[in-house]
Amino acid sequence: MKNIVVCLMPGAQFDKSTAGLLASARGLKGQLTVIVTGTAEDDTTASLANQADAVIVAEAVGLNEYQPELVLGVLQTVCSDLNPDIVLMAGDTYSQELTPRLAGRLGGVSAGDAQSLTLENDNLRITRSVYGGKAMAVVELRSTPAVVWVRARSFAPAAPRDSSGSIEKRTVELSGDAAKHVDATKIVERHEESSGTVRLEDAMVIVAGGRGLGGSEPFEELKSLAETMNAQQAASRAACDAGWVPPHWQVGQTGKKVAPELYVAIAISGASQHLMGIADAKVVTAINTDSDAPIFKHCQFGLVEDYKAVVGPLTERLKALLS
Ligand SMILES: Cc1cc2nc3c(=O)[nH]c(=O)nc-3n(C[C@H](O)[C@H](O)[C@H](O)COP(=O)(O)OP(=O)(O)OC[C@H]3O[C@@H](n4cnc5c(N)ncnc54)[C@H](O)[C@@H]3O)c2cc1C
């Protein structure tokens, strides 16, 4: 039976993404320990313990928010004690940053963007999409620990268990290799996304706009549509690079990978790098003036039309239907 560890970043909560990550670990049917870095609310640790054999809340001086070297040192120290075969991390940017570094510190191997996890010949095998979602690569990690980050919402949350695992609070003192470079980098400033919004990775409905909108004002029009649909707003890289919307709205290869039930692409051409971010969307719809736009080959419903003729009336019609 494999010894599996799931590592969570400071501030982790038991949300849909975390539940999916734990489900991916549980599917491997090993001994599962969750390491929560920093502090955690009691109801969070209780929910985690319901899905795992053990939860370790690993605290250290100064560890109340993400500081890469400090979190890395804590994870290295606790993982070294646990001697895992497999270490799983989430698909957020912090976890992605630390996955290969933790593998290096533990003398293991790493891979990212796992969309499925299986054991083959006693090795961890993952699949992940490549070439803009046109093909799936199978990667077998033939050394341990195999340290892997898992794409958000690739796994549905698992049902609650009848029993719960243990919860331990551990104060970690860094020493030796784990203490090295601990002050080398610091997050000096943080810009929080406005509170109350759902993370794009967790959104059920997304209304996204592209360069064809021509500026920042039309995104206000899309906002009204998004609010009516209870959707989150997103954008192509072209729209983000133009400064019309914030960079964290970007969906795609170098942006967020999303998996909504419905993705509405408005004035987005459907470049392969954008499509890579929506490969897991259940239903894609597109509005575009160009009938040859690649997005039409990747959507279930498409409308060849100027967005200006569609977005306003569609919003009003939806409002009327929903009222
Ligand atoms: C390494 C690399 C990584 C990248 N990563 C990403 C990424 O993560 N995400 C991403 O999105 N891109 C990414 N890109 C950029 C990508 O290649 C495209 O350039 C980008 O996605 C284009 O954005 P767009 O569809 O908004 O713009 P365009 O390709 O310019 O398309 C605009 C569309 O709007 C339509 N249109 C124009 N006017 C209207 C109107 N009035 N009504 C309706 N439709 C209209 C046009 O017909 C056109 O299809 C990456 C590129 C590289 C090289």
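In this predicted model, 24 residues surround the ligand. The closest are Arg211, Ser236, Thr254, Ser269 and Asn288. Two elements, H6 and helix H7 (272-275), each give two or more residues to this shell.

A polar side-chain atom of Ser269 lies 2.6 Å from an oxygen atom of the ligand. The side chain of Gln250 places an N or O atom 2.8 Å from a ligand oxygen. Gln253 takes part through its backbone: a polar atom there is 3.0 Å from an oxygen atom of the ligand. On its own, the ligand has 1000 Å² of accessible area, and the protein covers 75% of that. The ligand sits in the second largest pocket.

Now turn to the aromatic rings. A pair of such rings is described by the distance of the centres and the angle of the planes. The structure holds two aromatic pairs. Tyr66 and Tyr94 are stacked, with 3.8 Å from centre to centre and 5° between the planes. Tyr66 lies in the loop between strand S3 (54-59) and helix H3 (68-82), and Tyr94 in helix H4 (residues 93-106), so this pair ties together parts 28 residues apart in sequence. Tyr66 counts as buried because its relative accessibility is 2%, under the 20% cut-off. Tyr94, at 29%, counts as partly exposed.

The other pair is Phe219 and Trp249. Their ring centres are 6.1 Å apart and their planes meet at 65°, so the pair is edge-to-face. Phe219 belongs to helix H5 (residues 217-228). Trp249 is in the loop between helix H6 (237-241) and strand S13 (262-266). The pair links distant parts of the chain, 30 residues apart. Both Phe219 and Trp249 are buried.

Terms used:
Residues are numbered from 1 along each chain as its sequence is written. This is a predicted model: local features need pLDDT of at least 70, side-chain atom pairs count only at pLDDT 80 or more; totals for chains, interfaces and linings use all residues. Side-chain values use heavy atoms; hydrogens and water are left out. Rings of Phe, Tyr and Trp (its six-membered ring) pair if their centres lie within 6.5 Å; planes under 30 degrees apart count as stacked, over 60 as edge-to-face and the rest as tilted. Helices (H or I, at least four residues) and strands (E, at least two) are DSSP runs, numbered from the N terminus. Buried means under 20% relative accessible area, exposed over 50%, partly exposed in between (1.4 Å probe, protein chains only). A residue is near a molecule or strand if one of its heavy atoms lies within 4 Å of it. A polar contact is a pair of N or O atoms within 3.5 Å; within protein, one must be able to donate a hydrogen and the other to accept it, and residues adjacent in sequence count only if both atoms are side-chain atoms. Accessible areas come from the Shrake-Rupley method with a 1.4 Å probe; for residues, only the protein chains shown count as cover. On a 1 Å grid over the protein atoms alone, a cavity is a set of points where a 1.4 Å probe fits but cannot get out, and a pocket is an open set with protein on both sides within 12 Å along at least five of seven lines; lining residues have an atom within 4 Å of a point. A molecule sits in a cavity or pocket if more than half of its atoms lie within 2 Å of its grid points.
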